Amino acid sequence: MYHGLTHGAASAILAHASQELKDIFLPKMVSCEWTGTMNLTEPHCGTDLGLMRTKAAPQDDGSFKISGQKIFISAGEHDMAENIIHLVLAKIEGAPEGIKGVSLFIVPKILVNDDGSLGERNGASVGSIEEKMGIHGNSTCVMNYDDAVGYLVGEEHKGMRAMFTMMNEARVGVGMQGLSQAEVAYQNALIYAKDRLQGRDVTGVKNPDGPADPLIVHPDIRRSLMDQKSFAEGGRAFCLWAATMIDAAHRSDDKDADGLVSLLTPIIKGFLTDQGYDMTIKAQQIYGGHGYIEEWGMSQFTRDARIAMIYEGANGVQALDLVGRKLAQDGGKHVMAFFELVKSFIKENAGQDDAYDAEFLEPLKAASKDLQAAGMYFMQQGMTNPNNALSGSYDFMHMFGHVCIGLMWARMGKAARAALAGGTSDTEFYETKLATGRYYMARQLPATALHLTRIQSGGDTVMALEAANF
Ligand SMILES: Cc1cc2nc3c(=O)[nH]c(=O)nc-3n(C[C@H](O)[C@H](O)[C@H](O)COP(=O)(O)OP(=O)(O)OC[C@H]3O[C@@H](n4cnc5c(N)ncnc54)[C@H](O)[C@@H]3O)c2cc1C
């Protein structure tokens, strides 16, 4: 997290700050001598940043004096770096109301002299460090800014635009965090399932010399392990696919790739962290009571994975962003491009191999149809009653995630078949890939049908009760 935040802060400075600020701050951030933070949240405002109170007063020398309190600031204080470069959102005196009046500032912990050496301590200090459920390796700080010297990044009142450079990067990073927690929990669960002896295989004893068979013989343990494995590998492919598009957008200015990544970012963040957390619980469950006690370390994965669903915009808000903003972005161009991508993949690869068609392409087609039907429902119903769209946004984020991973498995299935047909020396690897993909397509991807049914039931049952009746 320390370096992830530094990378994100450096990206925002690179994209939006003046050359002078870049020259002062970037080299030491890139070399990791200085770390970075992002400061949005305040005690009374988390999701609704328009309520922000932190103030910025312009000074004669072009700098600003920043005053206010930020909370939950990851990596806000520590002694692992010479300096900490806080990126702080604040409102310049007289700024427009709400989110349109927010500007972004660099506020260093220690001021930097003209010659680049460190000078006086700035008016930025840590009020306290939070006690929390997990991620104990990261300091989560209350930050107090008392007339701290700050430097404007980008234009006045355009702070959210600049901060989104950091937030979008961080959202993909947090999605990876959810996926990684699932992966490490799975690796541990797998070792345990092969080692722990309990019960006998219902189809015949597998470990006649021992008092019992290992857990991995039991179908219900297999179901859980296959859920974890197929998610971890499919999710990894999804992240790598997104990463190649991010590279294409950054390095060749590919606008289509940029648009697609923008559409997929809330899915990477929301779906992978929700599923990642679920997978850590599945892995913990394989340990039975030994997963609940601290000795084996499994509860730490669950505790650490939980935050990824909350920070960088809680997952409900990711779903809101997806349905309320990203679907209609650029006239719906990017979601149409995604549907087209799935459709053309199916078209190009169908009819060559009956087993591949039935096991991979047909399930992908069905799930993609569900997703399109949900999109259509939002278009027809969302305009007349926004509650209909927003009651289904969470389901939509999850069904979209499943279709993305389904597409990844269809692609991996294709590659595996080609490798096997081409006489690979690693038959076991590719057979395992195919079997894992078949599992995802048969047992995970059909979840889109349930999500669609929920979405199409509309918002009436969701909103039926008066607040007093809860
Ligand atoms: C360990 C940790 C580290 C953090 N690190 C940072 C950091 O480095 N920098 C930083 O600025 N912040 C950080 N945060 C803050 C984090 O980003 C916020 O907690 C998060 O964005 C949610 O804000 P909130 O807690 O105020 O919840 P609220 O905004 O009060 O939301 C509460 C719940 O209501 C939902 N909700 C809110 N509005 C809507 C709506 N319009 N429609 C539907 N649902 C809605 C949310 O999804 C959420 O589930 C961190 C938090 C924690 C716990």
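Okay, which backbone atom lies 2.7 Å from a nitrogen atom of the ligand? It's a backbone N or O atom of Phe72. I'd call that a polar contact, a pair of N or O atoms within 3.5 Å.

Before I go on, this is a predicted model, where local features need pLDDT of at least 70 and side-chain atom pairs count only at pLDDT 80 or more, while totals for chains, interfaces and linings use all residues. Residues are numbered from 1 along each chain as its sequence is written, and side-chain values use heavy atoms, with hydrogens and water left out.

Now zoom out to the shell. There are 19 residues around the ligand, near meaning that a heavy atom lies within 4 Å. Leu40, Thr41, Thr47, Phe72 and Ser74 come nearest. Strand 3 (64–74) is one of the elements that supply at least two shell residues, and its 3 residues are the largest share. Helices and strands here are DSSP runs, H or I of at least four residues for helices and E of at least two for strands. By class, the shell has 10 nonpolar, 7 polar and 2 charged residues; Asp, Glu, Lys and Arg count as charged, and Gly goes with the polar ones.

On to empty space. Rolling a probe the size of a water molecule over the atoms shows where it's left. On a 1 Å grid over the protein atoms alone, a cavity is a set of points where a 1.4 Å probe fits but can't get out, and a pocket is an open set with protein on both sides within 12 Å along at least five of seven lines; lining residues have an atom within 4 Å of a point.

The second largest pocket holds about 450 Å³ of space. The closest residues to its centre, out of 19 in the lining, are Leu327, Ala328, Gly375, Phe378 and Met379. Helix 10 gives the most to that lining, 6 residues. And how many charged residues are in the lining? None: it's 13 nonpolar and 6 polar.

Last stop, the cavity. The lining of the largest cavity includes Glu77, His86 and Arg121, and strand 8 gives the most to it, with 3 residues.

Notes: A polar contact is a pair of N or O atoms within 3.5 Å; within protein, one must be able to donate a hydrogen and the other to accept it, and residues adjacent in sequence count only if both atoms are side-chain atoms. Grid points are joined across faces, edges and corners, and a volume is the space filled by probe spheres set on the points.
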